[in-house]
Amino acid sequence: MCDPTTPHAHCPPLARRGFLRLAALGGSAALLGPASALAGGRAKALMLSCMDYRLVDDLVTLMQGMGLHDNYDHVVLAGASLGVVSDKFETWHETFWQHLAVARQLHHIEEVIVIDHRDCGAYRLALGEAALATPEQETEMHTLALREFALRVAARHPELRVSGYLMALDGTAEEIAVMAA
């Protein structure tokens with residue numbers, strides 16, 4: 001059987017070209033179609049979280065506990081807030097801002113919720129072990145990144161609220177004041 005999605009598949013030339021032509025037309029139609037073809041509706045928030053597989057279910061539980069079941073968009077970057085503010089991950093910054101713009105355009109979000117977590121490998125890669133040597137230092141590093149993230153969102157989108165959280169590996173989360181008093 002011919003599977004035109006498999007590289008180097010042994011398909012008749014027309015089958016592969018036909019698939020690619022249909023895929024291209026479908027992609028173009030989605031991009032160039034009328035505004036009514038865009039995903040509609042509203043979502044209350046955009047959640048930015050880390051990619052850590054250990055916390056996927058806990059993130060959903062936290063958002064449901066906030067009353068946001070099926071009412072948020074989700075962007076994933078290693079390090080969450082750090083992925084948007086650290087020079088170590090500079091190429092990711094624009095990706096986040098583009099996602100935020102799409103969430104605002106399509107779903108009219110009102111808030112950005114960023115959830116960092118303890119024992120984060122991205123923080124270790126970017127900041128080094130010494131910066132995270134104690135729980136207090138780890139909290140401080142996350143607080144600094146979350147606050148910088150909130151400042152950057154406020155500079156571009158002052159109409160959006162920003163909430164920051166630091167999640168433990170047991171799924172509990174503490175809110176971090178992202179706007180310094």
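Good morning. In what follows, a residue is called buried when its relative accessible area is under 20%, exposed when that area is over 50%, and partly exposed in between, using a 1.4 Å probe and protein chains only. By that rule R104, at 29% relative accessibility, counts as partly exposed.

The structure is a predicted model, in which local features need pLDDT of at least 70 and side-chain atom pairs count only at pLDDT 80 or more, while totals for chains, interfaces and linings use all residues. Residues are numbered from 1 along each chain as its sequence is written, and side-chain values use heavy atoms, with hydrogens and water left out.

Let me begin with the overall fold. The protein has six helices and five strands; these are DSSP runs, with helices being H or I of at least four residues and strands E of at least two, numbered from the N terminus. Along the sequence, the elements follow the pattern α-β-α-β-α-α-β-α-α-β-β. Of the 181 residues, 39% count as buried. Contact here means heavy atoms within 4.5 Å. Among contacts between residues at least 6 apart in sequence, 71% join residues at least 24 apart.

How far apart are the end C-alpha atoms of helix α6? The helix covers residues 135–156, and its 22 residues should span 32 Å at 1.5 Å a residue; the end C-alpha atoms are 32 Å apart, so the two values agree. The expected span is 1.5 Å times one less than the number of residues. The buried residues of α6 are E138, H142, T143, A145, L146, F149, A150 and V153.

Now to the charged pairs. Side chains of opposite charge can pair when their charged atoms come close. The criterion for a salt bridge is a side-chain nitrogen of Lys or Arg within 4 Å of a carboxyl oxygen of Asp or Glu. How many salt bridges does a search of the whole structure find? The search finds 11.

E159 is partly exposed, with a relative accessible area of 46%. Leaving aside neighbours within four places in sequence, R104 is in contact with I109, H157, E159 and L160. The C-alpha atoms of R104 and L160 are separated by 9.7 Å, although these residues are 56 apart along the chain.

Another salt bridge brings together the side chains of R118 and E174, at 3.3 Å from N to O. R118 is buried, because its relative accessible area is 19%, whereas E174, at 36%, counts as partly exposed.

D52 and R54 form a further salt bridge, their closest N and O atoms being 2.7 Å apart. Is D52 buried or exposed? At 13% relative accessibility, D52 counts as buried, while R54 is partly exposed at 34%. Both belong to a network of salt bridges that links D52, R54, D119, R124 and E129.

D119, a member of that network, is found in the loop between β3 and α5. Phi of D119 is near 55°, a positive value in a residue other than glycine. At 28% relative accessibility, D119 counts as partly exposed. H108, in the loop between α4 and β3, likewise has a positive phi near 55° and is a residue other than glycine. H108 counts as partly exposed, at 36% relative accessibility.

On a 1 Å grid over the protein atoms alone, a cavity is a set of points where a 1.4 Å probe fits but cannot get out, and lining residues have an atom within 4 Å of a point. Grid points are joined across faces, edges and corners, and a volume is the space filled by probe spheres set on the points. The count comes to one cavity of 30 Å³ or more. About 40 Å³ of space lies in the largest cavity. Its lining consists of S49, C50, D52, L55, L59, I115, D116 and H117, and β3 gives the most to that lining, with three residues. Thank you for your attention.

Key
1 Å grid on protein atoms, 1.4 Å probe; cavity = no way out; pocket = protein on both sides within 12 Å on 5 of 7 lines; lining within 4 Å.
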